[in-house]
Amino acid sequence: MDEVANWRRSKKSRLIIIVLLLIVVGVVAFFFEKTRLWMIGIALVLLAALGLEATNTDVDLGQLVETGSLEQSMVKRDAEGNAQYGAMCEQNVYNCTDFATQAEAQEVYDTCKTADNRDRHGLDRDGDGVACQSLPAGT
């Protein structure tokens, strides 16, 4: 499980995935004329994602909708490009019911666990390193 989490947290892996998706979209657009317009739209979204990832920039869309301020919705990232959630990890504010998928809960669990692997939010009740196992897997 740690290997998957480390791979997922790697900026290089994320950049490679985005570039590979751009290539797939380009190939589909080239060979399938009926999907070309859709593929152009998807390519634009992927290019935006590539730009955000390359510049270590991220935006919390929920915060953006709530505040209307791009500046207030910016999420800080570390040198590896991982989101730094700040106050989210400073106190016990989450329960499994706060997440739609296990992957979302796992992201918070992995981000917020302490140096001694203590679970700040109690998302991993059985201590096996997998948060909120009862939730649907998600992506």
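The stops below go from the whole chain to single residues.

First, some ground rules. This is a predicted model, in which local features need pLDDT of at least 70 and side-chain atom pairs count only at pLDDT 80 or more, while totals for chains, interfaces and linings use all residues. Residues are numbered from 1 along each chain as its sequence is written, and side-chain values use heavy atoms, with hydrogens and water left out.

**Stop 1: the whole chain.** Colour by secondary structure and you'll find 6 helices and 2 strands. From the N terminus on, they run α-α-α-β-α-β-α-α. Helices (H or I, at least four residues) and strands (E, at least two) are DSSP runs, numbered from the N terminus. Of the 139 residues in the protein, 29% are buried. Here buried means under 20% relative accessible area, exposed means over 50%, and partly exposed is in between (1.4 Å probe, protein chains only).

Now show the side chains of Phe30 and Phe31. They form the 1 aromatic pair in the structure. Rings of Phe, Tyr and Trp (its six-membered ring) pair if their centres lie within 6.5 Å; planes under 30 degrees apart count as stacked, over 60 as edge-to-face and the rest as tilted. These two have centres 5.0 Å apart and planes at 90°, so the pair is edge-to-face. Both Phe30 and Phe31 are exposed.

**Stop 2: a pocket.** Which residues line the second largest pocket? Select Arg14, Ile17, Ile18, Leu21, Val45, Leu46, Ala49 and Glu53. The elements giving two or more residues to this lining are α2 and α3 (36–54). The space in the pocket is about 160 Å³. On a 1 Å grid over the protein atoms alone, a pocket is an open set of points where a 1.4 Å probe fits, with protein on both sides within 12 Å along at least five of seven lines, and lining residues have an atom within 4 Å of a point. Points are joined across faces, edges and corners, and the volume is the space filled by probe spheres set on them.

**Stop 3: helix α6.** Jump to residues 102–112, where 8 of the 11 residues are buried, so α6 is largely enclosed by the rest of the structure. The buried ones are Gln102, Ala103, Ala105, Gln106, Val108, Tyr109, Asp110 and Cys112.

**Stop 4: the largest nonpolar core.** Select Phe99, Ala105, Val108, Tyr109, Cys112, Leu123, Ala131, Cys132 and Leu135, 9 residues in all. Such a core is a set of buried Ala, Val, Leu, Ile, Met, Phe, Trp, Tyr and Cys residues joined through side-chain atoms within 4.5 Å. Apart from this one lies another core of 7 residues, including Ile18, Leu22, Met39 and Leu46.

**Stop 5: Cys132.** Zoom in on Cys132, in the segment after α6. At 3% relative accessibility, it counts as buried. Its phi is near 45°, a positive value in a residue other than glycine. Not counting residues up to four places away in sequence, Cys132 touches Cys96, Gln102, Ala105 and Leu123; contact means heavy atoms within 4.5 Å.

**Last stop: Asp124.** Buried or exposed, what is Asp124? At 8% relative accessibility, Asp124 counts as buried.
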